[in-house]
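This report goes through selected local features of one protein chain. Please keep the sequence and the structure at hand while reading.

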Amino acid sequence: MNFKYYAVLGLLANLLTLANGENARRSENIRYDNCQFSVWKDYDYITEDVHVMVKPEEIHNFLQLLENYEIEQELLIENVQDLIDLEQSYSGSGKFDWTRYYELHEIEQWLDDILLAYPNVTEGFVIGNSYEGRPIRGIKIAHKQDNPGIFIESNIHAREWITSATATWFINELLTSQDYKVRDLAENYNWYIIPVLNVDGFVFSHEQDRLWRKTRQPTSVSYCVGTDPNRNFDSEWMANGGASDSPCEETYAGPQPFSEPETEALAKFLKSIQNEISIYIAFHSYSQLLLSPYGHTEEPPENYDDLLAIGEAFATAIKSLPYETPYRYGSTATTIYVASGSSVDWVYSNFDTVNVAYTIEFRDQGRFGFVLPPAQIIPNCEELMAGMLALVRKSHELDYV
């Protein structure tokens, strides 16, 4: 990565509230008057904060801006580049063991090895190609063809490396674990898992810009490249300020729904198997959240009470582990912020067979953010497994699977 950044947390407890329109406008001014910083996490209704990363040469101007608007701030990471350097210093053991983050070609080689090792219960699939021509690969694990299906989409945002690390670990556990609970999960449900959906962005985040989020398709109206693929689905696209129409913004929704080859390919593939899946899960980071529909509105879906019950089971299971990691749960719009055009909302709204759909935001809550140290990969994976066991069990109790 060529740039050296600092990260600053803006604590807006005394400024930003939904009820205060003037203060909300101040936030927009701060965000758009100065393009020298990157928003890591938009304003969170509950924690009342915003996470931003600032270039070192802009620190003085940024802090002056906060002072002018009387906004409190707390430094979280003094030098993000140091974290990136540390992250990339992990050499691992030479085998795929989740002690470091892996590049796309390594993940694809590992997938090939898995498919060769377990030919009777695994099947590879390709949903289509990315803008730059890379295949978007997935794996199906099926012990009985008539099992209810669960779909997991991972790494739709390029910089969220913990998601593909966790997805591959989860695949491995489904195939190798001898724990009877995991065996039940593996053998009585069919799994469709895409470890890296945004393959172009993922490669770019490894080779050029560690903190790249979007796709890599150029836009026709700006020098800025890429679209936020998780704002690009045809589900209340651009509704209620839940995405940006500016190509230079991280949450740019694209020129129209499904403008990105990656989102279009996923939608077409999901339509082809829609009668085979009952649960849809999207892996993201960070914030430690389980988010159900909807993202575009605070109006709850019809089965929201059940989704909350499943969320409680998920969070309780993770909290019970020795790490005692807290997870919040609820709808996207009421738990964190308004976000429209997401994959989870699109699946939930369009497929009658899918009544359980969630975004999981993994570790942490901002101490490391997107640059989660490799030492936390396996603990995060263990938490995901505990949560998934509880999520599927509760979904079964409520007759969704």
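## Basis of the description

Helices here are DSSP runs of H or I with at least four residues, numbered from the N terminus. Thr332 lies in one of these, helix α10, which spans residues 332-335. The model is a predicted one.

Thr332 has a relative accessibility of 11%. Buried means under 20% relative accessible area, so Thr332 counts as buried.

Which residues does Thr332 touch, leaving aside its neighbours within four places in sequence? The contacts are Leu291, Ser292, Tyr294 and Gly295, together with Tyr337 and Ala339.

## The annotated position Glu361

The unreviewed UniProt entry carries the annotation "active site" at Glu361. This residue belongs to strand β12, residues 356-362. With a relative accessible area of 9%, Glu361 is buried.

Once neighbours within four places in sequence are set aside, Glu361 is in contact with His284, Ser285, Tyr286, Ser287, Gln288, Leu289, Leu291 and Tyr327. Leu291 is also among the contacts of Thr332. For Ser285 there is a polar contact as well: the side chain of Glu361 reaches the backbone nitrogen of Ser285 at 3.3 Å.

## Helix α11 and its cover

Helix α11, residues 343-350, is mostly covered, with six of its eight residues buried. The buried residues are Ser343, Val344, Asp345, Trp346, Val347 and Tyr348.

The elements covering these buried residues include strand β12, where Glu361 lies. Also included are β7 (149-153), β9 (277-285), α8 and α9 (304-319).

## Helix α5 and its two partners

Helix α5 covers residues 161-176, and its axis comes within 8 Å of the axis of helix α6, residues 180-187. The two axes cross at roughly 100 degrees. Angles of 65 to 115 degrees count as roughly perpendicular, so α5 is roughly perpendicular to α6. On the α5 side the contact is made by Phe170, Glu173, Leu174, Leu175 and Thr176, and on the α6 side by Val182, Arg183, Leu185 and Ala186. By class, this contact has six nonpolar residues, one polar residue and two charged residues.

Helix α4, residues 104-117, is another partner: the axes of α4 and α5 come within 12 Å and cross at roughly 10 degrees. Angles under 35 degrees count as roughly parallel, which means that α4 is roughly parallel to α5. Here Ile107, Trp110 and Ile114 of α4 meet Ser164, Thr168, Ile171, Asn172 and Leu175 of α5. The contact of α4 with α5 has five nonpolar and three polar residues, and no charged residues. Leu175 of α5 takes part in the contact with α4 and in the contact with α6.

An α-helix has 3.6 residues a turn, so residues three or four places apart point the same way. The α4 residues in the contact with α5 are Ile107, Trp110 and Ile114.

## Ser222 in a loop

Ser222 sits in the loop between α7 (199-207) and α8 (261-272). Is Ser222 buried or partly exposed? Its relative accessible area is 22%, and Ser222 is therefore partly exposed.

Ser222 and Pro247 are 25 residues apart in sequence, while their C-alpha atoms are 6.4 Å apart in space. Leaving aside neighbours within four places in sequence, Ser222 is in contact with Pro247 and Cys248. The side chain of Ser222 also reaches the backbone nitrogen of Cys224, at 3.0 Å.

Conventions. Residues numbered from 1 in each chain as written. Predicted model: local features only at pLDDT ≥ 70, side-chain atom pairs only at ≥ 80, totals over all residues. Heavy atoms only, no water. UniProt positions renumbered as here; feature names shortened; annotations may be inferred. Helix = DSSP H or I, 4+ residues; strand = E, 2+ residues; numbered from the N terminus. Buried < 20%, exposed > 50% of the residue type's maximum accessible area, 1.4 Å probe, protein only. Contact = heavy atoms within 4.5 Å. Polar contact = N/O pair within 3.5 Å; in protein donor to acceptor, adjacent residues only side chain to side chain. Axes fitted to C-alpha atoms, helices over the stretch in contact; angles between N-to-C directions. Parallel < 35°, antiparallel > 145°, perpendicular 65-115°, else oblique. Nonpolar A, V, L, I, M, F, W, Y, C, P; charged D, E, K, R; others polar.
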